Amino acid sequence: VALMSASLASTVRALEPVSTVILGFLAFGERYSPRLLATLLPICVSQKGGGSGGTASAASAAGVLLAGASNFGFSSRPFLAQRLAALPDSARKLDSASAFFNAMCIGIAVMLPAVAALELAELREAVGRLAAEGTLGDFAAEVGISGGGFFFYQFSQMVLMSKLSAIACSVVNPMSKAFVIVSCAIYFAEPMGALNIGGILLSACGVVLFT
């Protein structure tokens with residue numbers, strides 16, 4: 001989001017069905033019918049209109065590439081969740097809560113060193129500034145609330161991904177992304193014209209066609 005507008009970042013992220021099809025075909029041996037792929041077209045095309053807006057500088061190449069790379073990371077989750085769910089009943093099999101707990105532990109083990117290596121100086125500066133302003137407690141509370149909400153979001157996603165196909169998960173997600181696009185546009189006062197609204201409606205129609 002630091003490299004592009006929030007609504008445009010959500011737009012690129014809403015192209016998750018494309019990365020899911022590519023990843024499924026290349027890495028997991030998935031094959032999709034032309035009819036199913038055709039239903040994804042309105043969703044993908046609609047994102048061009050749904051996230052239009054913001055300034056030209058907001059659409060940096062680095063931001064688009066990072067958002068696209070994150071799509072492949074997100075797209076891999078349902079495939080891996082399906083593989084975990086398909087394990088035969090044994091001591092190795094994890095339920096949704098256990099799988100989520102292990103994923104969170106791995107994420108923390110990777111994220112903390114990455115933050116320390118890349119953003120430690122900025123983090124110290126920000127904490128010092130907030131402490132000097134007397135707003136560190138409020139900031140910590142907001143981070144805690146946001147983290148709690150994200151925790152339940154991720155856990156519900158883990159349960160959902162173990163029950164739905166990867167392509168179905170990737171199609172459902174754009175509807176939440178459409179909500180994020182609208183919310184970001186309102187919160188950050190980014191303009192939304194007829195093209196924006198039409199793109200979001202087209203995305204909704206694509207989901208209906210898929211189902």
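Student: What pLDDT does the chain average, and how many of the residues score at least 70?

Tutor: The chain averages a pLDDT of 79, and 85% of the residues score at least 70. pLDDT is the predictor's confidence in each residue, from 0 to 100. This is a predicted model, in which local features need pLDDT of at least 70, side-chain atom pairs count only at pLDDT 80 or more, and totals for chains, interfaces and linings use all residues. Residues are numbered from 1 along each chain as its sequence is written, and side-chain values use heavy atoms, with hydrogens and water left out.

Student: Where is the pLDDT below 50?

Tutor: Over residues 53–58. Where pLDDT is low, the predicted coordinates should not be read in detail.

Student: How many helices and strands does the chain have?

Tutor: There are 8 helices and 0 strands. Both are DSSP runs numbered from the N terminus: helices are H or I, at least four residues, and strands are E, at least two.

Student: What makes α5 and α6 roughly antiparallel?

Tutor: Angles run from 0 to 180 degrees between N-to-C directions, with axes fitted to C-alpha atoms, for helices over the stretch in contact. Under 35 degrees counts as roughly parallel, over 145 as roughly antiparallel, 65 to 115 as roughly perpendicular and the rest as oblique. The axes of α5 (residues 96–133) and α6 (residues 136–161) cross at roughly 155°, so the two helices are roughly antiparallel. Their axes come within 13 Å.

Student: Which residues in α5 and α6 meet?

Tutor: Contact means heavy atoms within 4.5 Å. Among them are F100 and M104 in α5, and F151 and F155 in α6.
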